[in-house]
Amino acid sequence: MTVAGADDPAARSDSAAPLAPGPRARAALAGIPTYNAGQRPRVRTDLTVYKASSNENPYPPLPSVVDAIARAAAQANRYPDPASTRLVAAIAAHHDVPADHVAVGTGSVALCSHLVSALAGPGDEVLYAWRSFEAYPICVQVAGAASVAVPLLADERHDLPGMAAAIGPRTRLVFVCNPNNPTGQVVHAAELAEFLDAVPPDVLVVMDEAYVEFVRDPQVPDGIRLYRDRPNVAVLRTFSKAYGLAGLRVGYLVAHPEVAAAARLTSTPFGVSVIAEEAAIASLAAHEELAGRVASVVAERDRFVAGLRAAGLHLEATQANFVWLRLADRAAEFARACEEAGVTIRPYAGEGVRITVAEPEANDRVVAVARQFVTANGPAGEQ
C-alpha cells in the first residue's frame with residue numbers, strides 16, 4: 001500500500017488533480033436484491049394496530065423461557081460459547097441425532113448464507129423455486145454464485161420435475177422451502193422422494209423447514225427423517241416462528257457431519273448470544289407446552305382462511321402461520337386498505353400479499369377489509 005506524502009502530487013490540494021479512487025465493493029454485489037423485511041405499523045391514536053407482515057408468533061415466550069432470558073441477561077458481559085455446546089446437545093437430544101450433525105446460527109437465514117458460502121462460489125449455481133424465501137437470491141449473489149429460479153406451479157407449489165430438469169453440472173445446492181414462504185404450500189413425501197432420487201449425490205438439497213411445526217397435512221415429510229438415509233440432504237429449522245424467539249435470532253441445521261462442519265467454518269464467531277442459547281434450551285424443554293400454543297395458531301389459521309374464503313377471496317390451503325393471496329396488480333391496494341384498518345401486512349408488488357396469522361382481532365379486521373374489497377372490485381385471488 002502506498003501512502004501519499006507531502007511530495008506526492010496526489011496529496012496536493014490542486015483542483016486540477018484527479019481524485020484518488022475510494023474503496024470499491026465486489027462487482028458481484030452490483031444489483032443485489034434488497035431484503036424487504038415486514039414493515040412495522042405506523043403509530044395510531046384512534047385504534048390498536050397490529051403487525052401481520054413478518055410471520056411472527058403472536059404469543060410471547062413462555063414464562064419459563066422469559067425467566068431463562070432474564071437469568072442469561074446477567075451474563076451479557078461475557079462472550080457466548082462459540083460452539084453453543086449446550087444448545088447443540090439439546091437439539092441433538094431433541095431429534096435423536098449425533099451432536100456433530102448439528103450447527104447453529106443467528107436464525108435459519110444465517111445458516112442459508114453459511115451453506116451457500118461453504119458450497120458455492122463463482123461459476124457455481126444454486127437452484128430454488130420462485131417465488132420463495134427472498135433471502136435465497138441474496139445469499140447466492142453475495143457468494144458470487146448464480147441463481148437458477150424455477151417458477152412455481154399454478155397452485156403455488158414447487159415444480160419438482162422442473163427443478164430436477166434444471167439441475168446441471170454447475171449446480172451445487174438446491175433449496176426446497178417446505179412449507180414455502182410466502183405461499184404456504186407444501187411438497188408431499190412421494191413427489192419429494194422421486195425428486196431426491198433424481199438429484200446427483202454431490203448436490204446438496206436443503207429442506208428449509210422454518211414453519212414445519214404448523215404443518216397438519218400428513219403427506220408432508222419430516223426432513224430430519226429423510227436426512228438420516230440421504231447424505232446429500234440437510235434440514236434447516238428455527239426458533240423464530242413456532243417457538244416465538246424471532247427477536248433473539250437462533251436457528252439450526254441438521255446435516256451429515258461434513259456438511260455441518262462446512263456450515264460452522266463459514267459462520268460468524270460468537271454468533272448465537274448467551275441469551276439466545278439459554279432461551280432456545282428452555283424452549284426445547286417446554287416443547288409440549290409450546291405445542292399447545294402452536295395448535296392455537298393453527299386453529300386460528302383455519303378460522304382465518306375460512307373467513308377470507310367466505311368474503312370472496314380465492315386462496316390455496318396453507319400449512320404455515322400465514323396466508324397468501326395472489327392479487328397481482330391489486331396487491332398494493334389491498335395492503336393499503338389493511339393498513340388503514342390498523343393491520344400491516346406484506347405486499348409483493350404485482351404478485352400478491354402475505355398475511356401472518358395474528359391476533360384474532362387483527363384477523364377479523366383483514367376479513368372485513370376483504371369483504372369490502374370484493375364488494376368494490378369483485379372476486380380476487382384467482383390464478
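Visitor: Contact means heavy atoms within 4.5 Å. With that settled, what covers the buried residues of H4?

Guide: The cover includes helix H3 (108-119), strands E3 (125-130), E4 (146-151) and E5 (171-177), and also E6. Helices (H or I, at least four residues) and strands (E, at least two) are DSSP runs, numbered from the N terminus. This is a predicted model, where local features need pLDDT of at least 70, side-chain atom pairs count only at pLDDT 80 or more, and totals for chains, interfaces and linings use all residues. Residues are numbered from 1 along each chain as its sequence is written, and side-chain values use heavy atoms, with hydrogens and water left out.

Visitor: How many residues of H4 are buried?

Guide: Eight of the nine in helix H4 (residues 135-143), so the helix is largely enclosed by the rest of the structure. Buried is under 20% relative accessible area, exposed is over 50%, and partly exposed is in between (1.4 Å probe, protein chains only).

Visitor: Which ones are they?

Guide: Ala-135, Tyr-136, Pro-137, Ile-138, Cys-139, Val-140, Gln-141 and Ala-143.

Visitor: And what follows H4?

Guide: Gly-144, with a positive phi near 85°.

Visitor: Back to Tyr-136. Which aromatic cluster is Tyr-136 in?

Guide: Tyr-136 clusters with Tyr-128, Trp-130, Phe-133 and Phe-175.

Visitor: How many aromatic pairs are there in the whole structure?

Guide: The search finds 10. Rings of Phe, Tyr and Trp (its six-membered ring) pair if their centres lie within 6.5 Å; planes under 30 degrees apart are stacked, over 60 edge-to-face, and the rest tilted. One of the pairs is Tyr-211 with Phe-322, edge-to-face at 5.0 Å centre to centre and 80° between the planes.

Visitor: Where do those two sit?

Guide: Tyr-211 is in the loop between strand E6 (204-208) and helix H7 (223-229), and Phe-322 is in strand E9 (residues 322-325), so the pair ties together parts 111 residues apart in sequence.

Visitor: Are Tyr-211 and Phe-322 buried or exposed?

Guide: Both are buried.

Visitor: Zooming out, what is in the chain overall?

Guide: There are 12 helices and 12 strands. Buried residues make up 50% of the 383 in the chain. Of the contacts between residues at least 6 apart in sequence, 74% join residues at least 24 apart.

Visitor: What about the dimensions?

Guide: The C-alpha atoms fill a box of roughly 80 × 55 × 55 Å along the principal axes.
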